[in-house]
Structure formats: C-alpha cells, structure tokens
Amino acid sequence: MMQHDPTNVVITGAGGQGNVAAAQWLGQALMDEGLVVTVGDTYGLSQRGGSVMSHIRISRKRIYGPIIPQGRAHLILGLEPVETLRVLERFGNPQVVVVTNSRPVYPQAVIAGEFSYPTGDAIQHALKALSSRVYWIPATESAQELGGAIMANVVMIGALLETGVVPVSENTLLKVLEATLPPHTWDANRRAFRKGVEAVRDSAGAA
C-alpha cells in the first residue's frame, strides 16, 4: 500500500558503492508495477569516494520534480553511515525511516589523520534522534560472506523492501535484479537480497 503520494526516497553513499545502480533497480521495479517515477542523481567526486545521492519520487498519478524538498523524505537508504547522517540532517523529519549500512568508507582526510571519524555508537545515536525508525544493517559483511562486498547494495535493496515504505513487491524487484545482474552471479545476489530482508525482519528498529 502506498501511504504517501509522492513517496520520497533518498539513496546515498560514497562513490563506487553502487548507489546509482540501486536507484536504477528500484526505479525500474516501480515502473514495472505501473507507478510514475522520477529519479534525480547528484554526484560529488564519486570516482574518489565522494558523496553520491539519488532522489526517487514515486506517485500513482503525476510526475514530480526530480529533487525532493528539504525535510520531505519518507525513507533514506544509506550505503555509508556518515553519508546517511548527512542526508538525514537535510532531508529527514521525525517520521522518516532510515536504513543504513554499518560499514564506513573513510574519506582521504580521515585516512590522512586530518579529521576523525565518529564511532558507530555516536552515529546510531544521532540517526535515532532524527528519525522514527533506524535499521543498522551489516550489508558489507553479509555481502563478503557471499563472495564479494560489491553485493552490499543488493543487500540494502532487500532491506529497503522489508521496511514496507516503498510500494514495490519482492517478485518485481527480484525480476529486475535477475534481468540486470550477470547470470553467473545470480544465485549469490539472490541470497544477498534475502540477507537484507532478514536483517530488517530480525531487527526491532529504533524509535
């Protein structure tokens, strides 16, 4: 069931994490279900691990502009925890649902010792203070167990589905993934998707 029209989703992460691919999968699945979808991407220095953000706006009846107004997201899906928090501060509100990968991607300034990276506990505390539900997903670790960290975005798409915020079926999403991903990787990717679903299902979330 579609609770909001439009339903506004932001997918964010660092360059190279598969953020744009995840947005394309979701957008295609939504269109396959007859919904009106607009997708807008913004890029930092994505080739160097900079910020990447995709806005997905979903409607049953009209085309909306590609950029979500500040404070109007219904779901934020983050492939990197600090990027998730950065987007939440701009586009979140007390009712927003947050799903984030727990594995950090350290910027060059952190690696060089110029800045410190916040602890996982500190990030989780901030996310919970700014949203209605938070799901902290070990997506990278789950993907590595299945053969490669590259599948972390597939884990996260499974997690997105299980929140119930986005009006898309599991069957439709899986069909899009199967049509898009290399055939020899499909079994592992299907299991990665289920890992995301199960991670949200097994989590209590947090208010």
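User: What does E162 form a salt bridge with?
Analyst: R201. The closest N and O atoms are 3.3 Å apart. Keep in mind that this is a predicted model.

User: Which helices do E162 and R201 lie in?
Analyst: E162 is in helix α6, residues 152–163, and R201 is in helix α8. So the pair ties together parts that are 39 residues apart in sequence.

User: And how exposed are they?
Analyst: Both ends fall in the middle class. E162 is partly exposed at 27% relative accessible area. R201 is partly exposed too, at 47%.

User: Which residues do salt bridges with shared partners join into one network?
Analyst: D187, R190 and R191.

User: Switching to K195. Which residue does it pair with?
Analyst: E145, in a salt bridge with the closest N and O atoms 3.6 Å apart. K195 lies in helix α8, residues 186–202, and E145 in helix α5, so this bridge links parts 50 residues apart in sequence.

User: Is E145 buried or exposed?
Analyst: Exposed, because its relative accessible area is 60% and the cut-off is over 50%. K195 is partly exposed at 31%.

User: What about E141?
Analyst: The E141 side chain meets that of R103 in a salt bridge, 3.3 Å from N to O. E141 sits in helix α5, residues 139–145, while R103 is in the loop between β5 (97–101) and α3 (108–111), so the pair connects parts 38 residues apart in sequence. E141 is partly exposed at 28%, and R103 is partly exposed at 30%.

User: How many salt bridges does the count come to?
Analyst: Seven.

Terms used
Residues numbered from 1 in each chain as written. Predicted model: local features only at pLDDT ≥ 70, side-chain atom pairs only at ≥ 80, totals over all residues. Heavy atoms only, no water. Salt bridge = Lys/Arg side-chain N within 4 Å of Asp/Glu carboxyl O. Helix = DSSP H or I, 4+ residues; strand = E, 2+ residues; numbered from the N terminus. Buried < 20%, exposed > 50% of the residue type's maximum accessible area, 1.4 Å probe, protein only.
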